[in-house]
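Please keep the sequence and the 3D view open while reading.

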Amino acid sequence: MTKKKSLFDFYLMKKEAKKIAFLTSYDFPTAQFAEAAGLDMLLVGDSLGMCVYGYEGTVPVTMEQMIYHSQAVRHGAPNTFVIGDMPFMSYQISTEKAVENAGRFLKEAGCDAIKLEGGVRIASTIKAIVEAGIVVMGHIGLTPQSSGQLGGHKAQGRTAEAARLVIDDALAVQAAGAHMILLEAVPPEVSSTIASMLTIPVLSIGAGPGCDGQLLIVSDLIGQFQAFTPKFVKRYCDVAGIVTEAMKNYCDDVRKGAFPEDVHCYKMIEGEADKLREMLKK
Ligand code: KIV
């Protein structure tokens with residue numbers, strides 16, 4: 001059994017230039033696989049809206065859904081650092097509500113940290129959550145919950161001026177006390193600059209190799225999510241293909257009577273079948 005990593009391990013990994021392996025997880029079995037595979041940290045992402053519930057985006061996801069899925073992941077990966085993702089409108093309404101909802105991830109689901117989207121404009125909320133004693137991961141660059149304001153799911157920081165804004169966000173998130181930061185969909189020149197400017201670990205999803213670690217969505221990595229594949233995804237297996245093939249084979253077996261076989265059947269205790277036959281004759 002591996003020892004659960006703490007925030008201090010991640011700071012040490014940054015210092016020693018050891019990359020952090022980070023993945024989303026939404027349920028008990030996948031969390032078990034992730035822990036067995038040796039992931040350093042897991043994100044119960046609000047991407048579960050698309051990957052688990054089939055929504056078009058993350059906006060409809062509720063705190064209740066996030067808590068249930070975080071509990072399942074915690075049970076599946078008791079020795080892995082688990083981060084709960086704050087859903088849309090769980091931290092924007094008031095600082096008090098944000099602190100309360102952040103605390104629910106720790107109290108009700110046993111998460112080790114929370115993540116929330118936004119830079120400069122969310123800095124005071126980050127500060128309040130940190131002051132409540134909670135480990136915080138900021139999330140800047142492409143922020144899916146506010147993608148409407150960004151003109152869709154587009155890479156960010158592709159001009160010098162836009163890159164400057166992403167850097168300002170990164171600095172604001174660190175200054176507010178966040179313990180880690182996630183950069184989504186920004187060019188490697190920008191993310192490497194940020195990773196070297198900040199003292200906190202900088203994780204990447206679609207932000208190139210220069211960060212302190214990498215995040216992928218588990219449903220993309222295993223080939224389960226079908227709707228679209230972002231440019232930054234590397235698919236490591238084809239679960240959709242494997243599972244569909246297995247289900248087709250099951251249908252065929254049932255229809256032609258090839259399943260169940262003798263090995264799949266319970267046996268009556270010796271002599272009891274004869275007794276039953278006698279009983280039914282009376
Ligand atoms: O919800 C999630 O999985 C995320 C990633 C897209 C970074 O926030």
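## H7 against H8

In this predicted model, helix H7 spans residues 160–175 and helix H8 spans residues 188–197. Their axes lie 10 Å apart, at an angle of about 25°. Angles under 35 degrees count as roughly parallel, so H7 and H8 are roughly parallel to each other. The crossing of H7 over H8 is right-handed.

Which residues make the contact? H7 brings Ala163, Val166, Ile167, Ala170 and Leu171. H8 answers with Val190, Thr193, Ile194 and Met197. By class, eight residues of this contact are nonpolar, one is polar and none is charged.

## H2 against H4

H2 and H4 have axes that come within 7 Å. The axes cross at roughly 40°, and H2 and H4 are therefore oblique to each other. Their crossing is right-handed.

On the H2 side, the contact uses Phe28, Ala31, Gln32 and Glu35. On the H4 side, it uses Ala72, Val73, His75 and Gly76. The contact of H2 with H4 holds four nonpolar residues, three polar residues and one charged residue.

## H4 against H5

Helix H4 (residues 63–76) also packs on helix H5 (residues 95–109), with axes that come within 9 Å. The crossing angle is roughly 35°. H4 passes H5 in a right-handed crossing.

H4 contributes Met63, Glu64, Met66, Ile67, Ser70, Gln71 and Arg74. H5 contributes Asn101, Arg104, Phe105, Glu108 and Ala109. How do the residues of the contact of H4 with H5 divide, or how many are nonpolar, polar and charged? Five are nonpolar, three are polar and four are charged.

## Salt bridges

The salt-bridge count for the model comes to 16. One of them joins the side chains of Lys5 and Asp40, at 2.8 Å from N to O. This pair links distant parts of the chain, 35 residues apart. Lys5 sits in the segment before helix H1 (7–15). Asp40 sits in the loop between helix H2 (28–37) and strand E2 (41–44).

## Backbone exceptions

Most residues other than glycine have a negative phi, and most peptide bonds are trans. Two sites here deserve a look on that score.

Ala17 has a positive phi, near 55°, in a residue other than glycine. Ala17 is placed in the loop between H1 and strand E1 (20–24).

From Phe259 to Pro260 the bond is cis, with omega near 5°. Pro260 belongs to the loop between helix H10 (239–255) and helix H11 (272–281).

## Domains

How is the chain divided? Domain 1 covers 7–237, and domain 2 covers 242–281. The C-alpha centres of domain 1 and domain 2 are 47 Å apart.

Terms used: Residues are numbered from 1 along each chain as its sequence is written. This is a predicted model: local features need pLDDT of at least 70, side-chain atom pairs count only at pLDDT 80 or more; totals for chains, interfaces and linings use all residues. Side-chain values use heavy atoms; hydrogens and water are left out. Domain bounds come from an automatic or database domain assignment. Axes are lines fitted to C-alpha atoms, for helices over the stretch in contact, and angles run from 0 to 180 degrees between N-to-C directions. Helices (H or I, at least four residues) and strands (E, at least two) are DSSP runs, numbered from the N terminus. Angles under 35 degrees count as roughly parallel, over 145 as roughly antiparallel, 65 to 115 as roughly perpendicular and the rest as oblique. A crossing is left-handed if the near helix is turned anticlockwise from the far one by less than a right angle, and right-handed if clockwise. Contact means heavy atoms within 4.5 Å. Ala, Val, Leu, Ile, Met, Phe, Trp, Tyr, Cys and Pro count as nonpolar, Asp, Glu, Lys and Arg as charged, and the others, Gly among them, as polar. A salt bridge is a side-chain nitrogen of Lys or Arg within 4 Å of a carboxyl oxygen of Asp or Glu.
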